[in-house]
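This report goes through selected features of one protein model. Look at the sequence and the 3D view first, then read the sections in order.

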Amino acid sequence: MRALWTAATGMHAQQLTLDVIANNLANVQTAGFKRSRVDFQDLVYETLQAPGAAAAQGQEIPSGFQVGHGSRAVATQRLFIKGDLQQTGNSLDLAIEGEGFFQVQLPGGETAYTRAGAFKKNSEGRLVTAEGFTLQPPITIPADAISVTVGVDGTVSVTQAGQTQPQQVGTIELVRFVNPAGLSSQGRNLFLPTQASGDAVPGTPGQDGLGTLLQGFIESSNVNVVEEMVGLITSQRAYEINSRAIRTADEMMQTANNLIRG
């Protein structure tokens with residue numbers, strides 16, 4: 001019976017939805033995290049009678065007779081909606097007010113991109129991520145710096161002990177993508193470009209839609225707990241109703257089998 005397999009596709013799709021929602025909720029406090037959603041498609045249809053087919057001379061059937069074979073999840077789309085800004089007061093916490101991404105260098109020399117701006121200093125004074133990946137272009141804070149100032153345009157200045165005037169030590173660049181939804185998530189708040197995202201377009205913060213930098217803030221996760229809970233309940237109910245369809249189809253087959261025995 002077709003209904004068994006059709007309802008099973010619905011249950012499988014809802015399982016994937018639950019997986020995505022669980023990941024969103026697990027990252028509700030992850031800085032710079034962008035929630036995902038699942039996109040669905042209906043499967044192929046068996047056409048028992050084509051719409052518009054001729055019913056008689058000069059007459060056509062206004063609507064066809066097609067039976068679908070269920071649904072499937074076809075994509076998870078990362079939603080780059082801006083998260084709330086959280087003030088931390090830490091001079092090395094940076095938030096992007098716009099569409100840009102920070103650049104960091106991976107151990108293999110590859111460049112990855114992130115919205116998480118909770119940077120630290122390593123033993124050499126360079127700005128790095130929590131995993132130690134170096135911000136690009138590299139910014140080194142002198143050991144005797146008593147204050148660090150990051151301008152909205154990415155200019156990094158420090159005031160060193162015994163000096164009254166700040167000295168510029170570098171400039172933070174941002175990049176943007178034509179299609180950020182096409183970026184590949186790597187975990188650890190990192191993304192890599194793909195053919196779908198297009199190449200990274202670097203620039204100065206505040207120009208070309210890259211967004212400005214805000215020192216002392218981090219961008220929170222854009223997960224809305226209430227919205228995810230509604231999605232969770234909807235997915236659970238959809239899973240239940242699909243399982244009920246399987247049970248109903250099974251009972252109908254059992255009834256038909258009993259008729260044959262009778």
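## Salt bridges

Glu124 counts as exposed because its relative accessibility is 53%, and exposed means over 50%. This value, like the others in the report, comes from a predicted model. The side chain of Glu124 meets that of Arg126 in a salt bridge, with 3.9 Å from N to O. Arg126 has a relative accessible area of 33%, so Arg126 is partly exposed.

Side chains of opposite charge can pair when their charged atoms come close. The structure holds nine salt bridges. Another of them joins the side chains of Arg37 and Asp39, at 3.2 Å from N to O. Arg37 is partly exposed, with a relative accessible area of 39%. Asp39 also counts as partly exposed, because its relative accessibility is 23%.

## A buried pair and its network

Which residue forms a salt bridge with Arg115? The partner is Glu219, and the closest N and O atoms of the two are 2.9 Å apart. This pair links distant parts of the chain, 104 residues apart. Arg115 sits in the loop between strand S10 (111-114) and strand S11 (120-121), while Glu219 belongs to strand S22 (residues 217-219).

Are Arg115 and Glu219 buried or exposed? Both are buried, which means that each has under 20% relative accessible area. Arg115 and Glu219 are also linked with Lys34 in a network of salt bridges.

## The cavity

A search of the whole structure finds one cavity of 30 Å³ or more. The space in this largest cavity is about 30 Å³.

Which residues line the largest cavity? The lining is made up of Ser91, Leu92, Leu94, Phe119, Leu127, Val148, Val150 and Val156. Seven of the lining residues are nonpolar, one is polar and none is charged.

## Loops and backbone angles

The peptide bond from Gln136 to Pro137 is cis, and its omega is near -10°. Pro137 is placed in the loop between S13 and strand S14 (145-150).

Asn189 is not a glycine, yet its phi is positive, near 65°. This residue lies in the loop between strand S18 (184-187) and strand S19 (190-192). Asn189 counts as partly exposed because its relative accessibility is 28%. Asp208 is another residue other than glycine with a positive phi, in this case about 55°. The loop that holds Asp208 runs between strand S20 (201-203) and strand S21 (212-215). At 63% relative accessibility, Asp208 counts as exposed.

Thr129 is found in the loop between strand S12 (127-128) and strand S13 (134-136). Its relative accessibility is 12%, so Thr129 counts as buried. Along the chain, Thr129 and Asn189 are 60 residues apart, and their C-alpha atoms are separated by 9.8 Å.

## A nonpolar surface patch

Which residues form a nonpolar patch on the surface? They are Met1, Met252 and Met253, and together they have about 290 Å² of accessible area. Met253 lies in helix H2 (residues 225-261). Because its relative accessibility is 37%, Met253 counts as partly exposed.

Conventions
Residues are numbered from 1 along each chain as its sequence is written. This is a predicted model: local features need pLDDT of at least 70, side-chain atom pairs count only at pLDDT 80 or more; totals for chains, interfaces and linings use all residues. Side-chain values use heavy atoms; hydrogens and water are left out. On a 1 Å grid over the protein atoms alone, a cavity is a set of points where a 1.4 Å probe fits but cannot get out, and a pocket is an open set with protein on both sides within 12 Å along at least five of seven lines; lining residues have an atom within 4 Å of a point. Grid points are joined across faces, edges and corners, and a volume is the space filled by probe spheres set on the points. Ala, Val, Leu, Ile, Met, Phe, Trp, Tyr, Cys and Pro count as nonpolar, Asp, Glu, Lys and Arg as charged, and the others, Gly among them, as polar. Patches are made of residues with over 30% relative accessible area and no salt bridge: like charges are joined within 9 Å, nonpolar side chains (Val, Leu, Ile, Met, Phe, Trp, Tyr) within 5 Å. Accessible areas come from the Shrake-Rupley method with a 1.4 Å probe; for residues, only the protein chains shown count as cover. A salt bridge is a side-chain nitrogen of Lys or Arg within 4 Å of a carboxyl oxygen of Asp or Glu. Helices (H or I, at least four residues) and strands (E, at least two) are DSSP runs, numbered from the N terminus. Buried means under 20% relative accessible area, exposed over 50%, partly exposed in between (1.4 Å probe, protein chains only).
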